[in-house]
Amino acid sequence: MSVPVSQMWTVATYVLGQKLRGRKRYPLVLMLEPLFRCNLACAGCGKIQYPAHILKKHLTVEQCLAAVEECGAPMVSIPGGEPLMYPDISRLVRELVARRKYVYLCTNAILLKEKLGEGLFEPSKYLSFSVHMDGLREEHDEAVCREGIFDQAVEGIRDALRRGFRVTTNTTLFDGVDPGRMRQFFDEMMDLGVEGMMISPGYSYSKAPDQEHFLRRQRANELFSSILSRAKKSWRFNQSPLFLQFLMGRRDFECTPWGNPTYNMFGWQRPCYLLQEGYAGTFKELLETTRWEKYGRSSGNEKCRDCMVHCGHEPSAVDATFSSWRGFRDTVVATVSGRL
Amino acid sequence: MSDEDKSLEGWSPEIADAETLAAVVEHAFDYRGDITLDLDDGRRIDGYLFNRNRDVAEPFVQMFERGEVTPSTIPYARIRAVRFTGKDTAAGNSYAAWLRLRQAAKAASGS
């Protein structure tokens, strides 16, 4: 596993602090969407399907910072849209780093080399570029519906690494993925020198147009098992090993939809990053007025039945690490040995 | 049925009562295009409806009107008509549609 010790320490003390305070529901990663605009139109993405006047809007840095303060999560993920198209991305990142938030700037990396060249960012242990990579060249270009994007992303990754930035990858696996090709992809990303990889199954996201290619739970378990069962020592994942075991079907977790709350120009999204069932005006209102019992697999909600996505289940895995000695021991063993 | 067939673009439903209004608002909330609301004072507003809440004393919708920076909040009680006037940005953008286009382009280029 590749999460830096300082980050692990921050997360560990934060989670333990929440538990000591008896907080049943606490956020781990704020999903901050400053805009929906993107320079790609991936078939699996429902985020960009808005009228032009909505795509032209974005949050102000002050709105973003107020959300970060209100939420209090130690990590901030900036997806979108494409965050490198956000006009104030440099200032936003600088302010977040000054607040010692661990920032994952989720980008397709088309603009990465250009923005780095303009000096928009400075390397920091708090800043990681999380580059969207859905597989090897052929698979990635097909997933993003445009040829040549894989090569551009690789170029961006190389440039960021050369300049001393932390770089991770984030990969969504859809049905039909060839496990052998995915293992090859992991090798290639490690050879590139990225710090770690994040993986997640495609999801039953009701507004995404590519429903037929999202993975059902059983198939997801089989796929992740075949990819990760004989995980190579050289592979590093920037996520909880218990979550990876969950993907392989070796553990079961209930969803923690409040774990990665989403904030965008519409407000605090209910109930989670994937389902869009309404918005709350404040984070407090989100926590207190969302009917959480209606969500997660055990609720019987058919939208949640097959979901195994990281935004709901990785917080569950992290919580499990700090809920029992066994969870802690299993996490440490998997982290140290690299065995899943 | 294709995605295109499912689009509500151009729909102007009759709203006879509060339950019908609530159902139409749900459709408007799911709709990925602008809508037009006719209000009780004769005003007509165009924009993107992004939220609604019926679990409060005075149910409301929220929308970004075209050209406005801040969102508006409009009580259900003031809405007389909901029309799906804007382009449905989700229609025809399925993965299957993209594959069809890609295959057609490849066939046309002979590759």
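Chain B carries an open sheet of 5 strands, ordered β4-β3-β2-β1-β5, with antiparallel pairing. Strands here are DSSP runs of E with at least two residues, helices are runs of H or I with at least four, and both are numbered from the N terminus. Two strands pair if DSSP finds at least two bridges between them. The edge strands of chain B are β4 (72-75) and β5 (79-83), each of which pairs on one side only. From one strand to the next, the twist averages 45°. For such angles, axes are lines fitted to C-alpha atoms, for helices over the stretch in contact, and values run from 0 to 180 degrees between N-to-C directions.

This is a predicted model: local features need pLDDT of at least 70, side-chain atom pairs count only at pLDDT 80 or more, and totals for chains, interfaces and linings use all residues. Residues are numbered from 1 along each chain as its sequence is written, while chains are lettered from A and ligands numbered from 1 in the order in which they are written.

**Chain A overall**

Chain A comes to 13 helices and 9 strands. Its radius of gyration is 19 Å, close to the 20 Å that the globule rule gives for 340 residues, so chain A is as compact as a globular protein of that length. The radius is taken over C-alpha atoms, and the rule is 2.2 Å times the number of residues to the power 0.38. Along the principal axes, the C-alpha atoms of chain A fill a box of roughly 45 × 45 × 40 Å. Of the 340 residues, 52% count as buried. Buried means that 20 or more other C-beta atoms, placed from the backbone, lie within 10 Å of the residue's own. Among contacts in chain A with a separation of 6 or more, 78% join residues 24 or more positions apart. A contact needs C-beta atoms, placed from the backbone, within 7 Å.

**The sheet of chain A**

Chain A has an open sheet of 9 strands in the order β6-β5-β4-β3-β2-β1-β7-β8-β9, with mixed pairing. Its edge strands are β6 (196-201) and β9 (276-280), and each pairs on one side only. Neighbouring strands of this sheet are turned by 30° against each other on average, direction ignored. Helix α3 (residues 61-71) of chain A lies across β1 (29-32), β2 (75-78) and β7 (262-264), and runs at about 160° to β1(A).

| Strand pair | Sense | Bridges |
|---|---|---|
| β8(A) and β9(A) | antiparallel | 4 bridges |
| β2(A) and β3(A) | parallel | 4 bridges |
| β3(A) and β4(A) | parallel | 5 bridges |
| β1(B) and β5(B) | antiparallel | 4 bridges |

Pro271(A) has Gln276(A) of β9(A) as bridge partner.

**Strand β3 of chain A**

In strand β3 (residues 102-107) of chain A, 6 of the 6 residues are buried, so this strand is largely enclosed by the rest of the structure. Both faces are covered: Tyr102(A), Tyr104(A) and Cys106(A) are buried on one side, Val103(A), Leu105(A) and Thr107(A) on the other. Met75(A) stands opposite Tyr102(A). Cys106(A) has Ser130(A) of β4(A) as bridge partner.

Two crossovers involve this strand. β2(A), helix α4 (residues 89-98) and β3(A) make a right-handed β-α-β unit. β3(A), helix α5 (residues 112-117) and β4(A) also make a right-handed β-α-β unit. Right-handed means that, with the strands pointing away from the viewer, the path from the first strand over the helix to the second runs clockwise.

Technical notes
Buried ≥ 20, exposed ≤ 12 C-beta atoms within 10 Å, placed from the backbone. Contact = placed C-beta atoms within 7 Å.
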